[in-house]
Amino acid sequence: MSIRNVLVTGGAGYIGSHLVDGLVVRGYDVVVLDSLVSQVHRTGTWPSYVNAKARYVRGDVRDRDALQPLVLRADAVVHLAAAVSVGQSMYEVDRYVDINTRGTALLLDILVNQRHHVEKVIVASSIGVYGEGAYECGACGPQAPGLRPAAQLAARQWEHRCPRCDAELRPVPTPESKALYRDNIYSMTKHHQEEMVLLIGRTYGIPAVAPRFFNVYGPRQSLSNPYAGVAAIFVSRLLNDRQPVVFEDGGQLRDFVSIHDAVRCLALMLEKPGADFFPVNVGSGYTVTILEVARTLARLLGKSIEPLVTNRGRTFDIRHNTADITFARDRLGFTPTVPLEEGMAELIAWARTSPDGAVDLFDRALSELEQKGLLVQPTA
Ligand SMILES: NC(=O)c1ccc[n+]([C@@H]2O[C@H](COP(=O)([O-])OP(=O)(O)OC[C@H]3O[C@@H](n4cnc5c(N)ncnc54)[C@H](O)[C@@H]3O)[C@@H](O)[C@H]2O)c1
Ligand SMILES: [Zn+2]
């Protein structure tokens, strides 16, 4: 038994398209199922970077007639198709749950009830399942806080404090074992997807892995989708000579992992059994603030544009979350290879040539947040 035919749902998207290229290079036969949603694919047609050696089927993962025949021909399924914006999920609840949760439920229904030869299922999960990252209090030890209350955001007190001694908490890398808190609908659906796939995998003996992607950045990230991908949003603003908009004070810590490292990690999950039946952090292990990302991008673009620091919080935002990638290192031998500056330079080089770069729809997304009351009105 060995894997040869791989079905990649969402394979026309950002992570999916790079994965398709990576799998083709590794000699797999790849089939893509993608509905080409207009928010991601503005022209409604297959993107220019489709891989000539893969087969592309246009269809919706919620449509059994489209999905089932492809699953039954596959040795492995990498399920990436999803609606992907945290903010948007808070007012398009039905659409998010339907695509993400029910789409995955249909895939599992097929695997449970049809005769198939799928040997591995990989489902895209997210940093979002953690809510806040892991923290420590110098005096009281490890802490796993929930979202900051709106009153705290309104008072512009961005950092978490210890519930016992009120000291400021120190963020530490988040291991997979940290308690999970879902603070928005998107993350809830990612959690549904992850738990459902791992449960059915364990129950029926189908090796399953749930990569929890941190901030994956790189070429082909949608520049005109104002709802996803902060690095791409910043590049799009800068290319239009506008200030990148930074929420809070910009001191939020994140882990930005190059798309190439993310694809390498996915290939390891496909080929090695080490992470079977587990969720796995996919990050770089390197920590950076949002403000640093905005400044680095401006510098690499040669623009003297400072980020616009709003000093306003969004109700659904976490403060810090960075990846502890020990599990992926130990179980899969995963070692990230792309340094942040090099990866960001690659993102920029690509963005300069992308026709999408000229479209900046961020202001519209911002006013949607304001209208829905998701941008906290400061009191201090
Ligand atoms: N990019 C990141 O940093 C990141 C972080 C965490 C998790 N993820 C997860 O990784 C996966 C891929 O994300 P991405 O950044 O490549 O997003 P993307 O939007 O670029 O790609 C998603 C693809 O899925 C397709 N799609 C959407 N709904 C569909 C449906 N109902 N049927 C068929 N196809 C559909 C879209 O047309 C698109 O091509 C998603 O599941 C996302 O939740 C991504
Ligand atoms: Zn304490």
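Q: Contact means heavy atoms within 4.5 Å; leaving aside its neighbours within four places in sequence, which residues is threonine 322 in contact with?
A: Its partners are Val172, Pro173, Thr174, Phe214, Leu253, Arg254, Asp255 and Thr287. This is a predicted model, where local features need pLDDT of at least 70, side-chain atom pairs count only at pLDDT 80 or more, and totals for chains, interfaces and linings use all residues. Residues are numbered from 1 along each chain as its sequence is written, chains are lettered from A and ligands numbered from 1 in the order in which they are written, and side-chain values use heavy atoms, with hydrogens and water left out.

Q: Why is threonine 322 called buried?
A: Buried means under 20% relative accessible area, exposed over 50%, and partly exposed in between, with a 1.4 Å probe and protein chains only. Threonine 322 has 8%, so it is buried. Its place is the loop between strand S17 (308–309) and H10. Helices (H or I, at least four residues) and strands (E, at least two) are DSSP runs, numbered from the N terminus.

Q: How do you know that arginine 254 counts as buried?
A: Its relative accessibility is 11%, so arginine 254 falls under the cut-off. Arginine 254 is part of strand S13 (residues 253–254). Beyond four places in sequence, its contacts include Asn215, Tyr286, Val288, His320 and Thr322. Valine 288 is 34 residues away along the chain, yet the two C-alpha atoms are separated by 5.6 Å.

Q: What makes a set of residues a nonpolar core?
A: The members are buried Ala, Val, Leu, Ile, Met, Phe, Trp, Tyr and Cys residues joined through side-chain atoms within 4.5 Å. The largest one here has 60 residues. Val6, Val30, Phe213, Phe256, Met269, Leu297 and Met344 touch the most other members. Helix H8 (residues 259–271) gives the most to this core, with eight residues. A second, separate core of 25 residues includes Ala66, Leu67, Leu198 and Ile206.

Q: Why is the pair of phenylalanine 278 and phenylalanine 327 called tilted?
A: Rings of Phe, Tyr and Trp (its six-membered ring) pair if their centres lie within 6.5 Å; planes under 30 degrees apart count as stacked, over 60 as edge-to-face and the rest as tilted. Here the centres are 5.3 Å apart and the planes stand at 55 degrees, so the pair is tilted. The structure holds four aromatic pairs.

Q: Is phenylalanine 327 buried or exposed?
A: Phenylalanine 327 is buried, because its relative accessible area is 18%.

Q: How do you know that the charged end of lysine 372 sits over the ring of tyrosine 91?
A: A charge sits over a ring if NZ of Lys or CZ of Arg is within 6 Å of the ring centre and within 35 degrees of the ring normal. The charged end of lysine 372 is 4.8 Å from the centre of that ring. Arginine 331 likewise lies over the face of phenylalanine 278, at 5.1 Å from the ring centre.

Q: Which protein donors does the zinc ion (ligand 2) have?
A: They are Cys137 (SG), Cys140 (SG), Cys162 (SG) and Cys165 (SG), at 2.2 to 2.3 Å. Donors are N, O and S atoms within 2.8 Å of the metal (3.2 Å for Na, K and Ca); water is not among the atoms, so sites may look incomplete. The donor residues are spaced C-x2-C-x21-C-x2-C in sequence.

Q: What makes the site of the zinc ion (ligand 2) tetrahedral?
A: Four donors count as tetrahedral if all angles lie between 85 and 135 degrees. The angles among the four donor atoms are 102 to 113 degrees, and the site is tetrahedral.

Q: Why does cysteine 137 count as buried?
A: Its relative accessibility is 3%, so cysteine 137 is buried. Cysteine 165 has 37% and therefore counts as partly exposed.

Key: Tetrahedral: all angles 85-135°; square planar, octahedral: opposite > 155°, others 65-115°. Contact = heavy atoms within 4.5 Å.
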